[in-house]
Each structure stands twice: as structure tokens, then as C-alpha cells.
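Thanks for taking a look at this one with me.

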Amino acid sequence: RWWKQVIPPTSAYRINWDISLSIFIIYSCLTVPFRLGFDVDPSTSMFGFDCFVDGLFMIDICLNFNTGYYDETETLVTNRRLISRNYIRGWFGVDFISTVPLDLMGEALDSNVGLLSSMRVFRVFRLMKLLKLARLTKIARLFRNLEDVLHVNQSMLRLVRLLFNLCLSAHLLACTWWYLGDNQSGEVSWPQRFRLQEDDLYTKYITSLYWCVATMTAVGYGDIHAVTDAERIYTIFTQMVGAVV
């Protein structure tokens, strides 16, 4: 029967599954930092969709225990004991941490026991959502598999990877830039200086992304700039990321 068969890593089924899963990885990497950075709570329907996505990644963990791999001699390993040992020693920890909803567990513990009532601890559990960004490692693995299996043009694949890294880095840095400015106490931060806190969500995000792209590309128009020391340090970090990416 099909569930008793080991899935070859180069099979069409496995490749199509990985490509489909990559769409949900990109979805997670876009929505998680956006919601945390701009303090946006998902609607009921979006929460249900997020649970559906987490369920897909749990299925993927089960599939990985049933997917063969090639050893150092390029021999296909189909022994389930060896497959499990190889997966546990390799990517299982990353997949497990990025899939288990630790943030929901913490919130449930808070509502039932009341041990996590302080705002600081609550923020820690919210930030646990960032563990889902570990799913990005699967994108890197997918690029390698496509390169080995589909024989994709190297120049085209390199260009796609560069654009993906640039866009994702800009998005993550923009969300963090707003979070940094919106969560400083005792100082006038950049959103306050430029009177953006009462603007709509779209304007906040576009302004943050505009600053981030201008800083990463070393253009730095100066109309939006750092105000506090923490923001200046983050600006330096963003410029370094832009130089590396």
C-alpha cells in the first residue's frame, strides 16, 4: 500500500509537494513579521487558515520520516530506521520548532492558569511566532533540489534567489523598523517625529518599506531617518544587510 512505500526524494509527487509547500512558507514569512511589527491581529478566517497551514507542515514532518535520501555515495537509502535517524539528526529540530504553535500554547496557559499576565511575558510569547521563520530553511533546500533534479538554468536560478532574498529582507527589515519605532518609551521615535502613528496601516507599511529600500541601496534620501540611538544602530545594521544581500 502507498503508506508503506518509501517516497523517493526525486519523485514527481515529492517535488510537487515541496513546491506547493514553498508557497505557504512564503505566506508565513510575510504575514508573521507583518502582524508582529504592526500589531495586527488575524481575523477568525485568517486564524483558521493559519491553523490549516500549520497542519500542512505537520504532515510534511510525517512525510519526511517516509522520504528516502541519497547518502555520500549517491545511493538511495530506503531503510526507514536510517531515514528516521538521518532526519532527526538533520532538519527535524528546525521543522519541529517552526511547526509547533508554542505561542498558542503560551496564550492558552495564560488564560487557564493566569501565570503570564504581565505584558512583557505576553510579548515574549507573541515573539515566539517568529520561530515560524525557520521555515525559510526549507526554501533553501528547495532551491538545491530544483537545481539537482530539474536542471534549472543556473543564471536564472541565481537571479530568482537574489530577488527573493532582496524582497524578503526588505520586508523583514521594514516590519522590524516600525516595531522598533513604535515600542520605544521615554524618547521621541521616528514614527512620532514624522507623525505617522495615526495614519492607516497601508501608509505605515509603505513608509517603512520605502525607508528600508532606500537605506539598503545606500540611496538614503533623508526624508525619513533615524531619531534615537537605537534607530541609528538599526540603520547601520540595515545598511550592512543591504551590502551583503
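1. D60 and R14 are both buried, where buried means under 20% relative accessible area, exposed over 50% and partly exposed in between (1.4 Å probe, protein chains only). R14 has a relative accessibility of 4%.

2. These two side chains form a salt bridge, with their closest N and O atoms 3.0 Å apart; the term stands for a side-chain nitrogen of Lys or Arg within 4 Å of a carboxyl oxygen of Asp or Glu. The pair links distant parts of the chain, 46 residues apart: D60 sits in helix α2 (residues 44–64) and R14 in helix α1. Helices (H or I, at least four residues) and strands (E, at least two) are DSSP runs, numbered from the N terminus.

3. R14 also meets D18 in a salt bridge (3.2 Å, N to O). Because R14 and D18 are four residues apart in helix α1 (residues 12–37), about one helical turn separates them. D18 is buried too, at 16% relative accessible area. Together, R14, D18 and D60 are linked in a salt-bridge network.

4. Have a look at K132 and D54 as well: their salt bridge has its closest N and O atoms 3.1 Å apart. K132 lies in the loop between α6 and α7 (136–149) and D54 in helix α2, so this pair ties together parts 78 residues apart in sequence. K132 and D54 are buried. The whole structure has six salt bridges.

5. A word on confidence: this is a predicted model, in which local features need pLDDT of at least 70, side-chain atom pairs count only at pLDDT 80 or more, and totals for chains, interfaces and linings use all residues. Residues are numbered from 1 along each chain as its sequence is written, and side-chain values use heavy atoms, leaving out hydrogens and water. The protein chain averages a pLDDT (the predictor's confidence in each residue, from 0 to 100) of 84, and 85% of the residues score at least 70.
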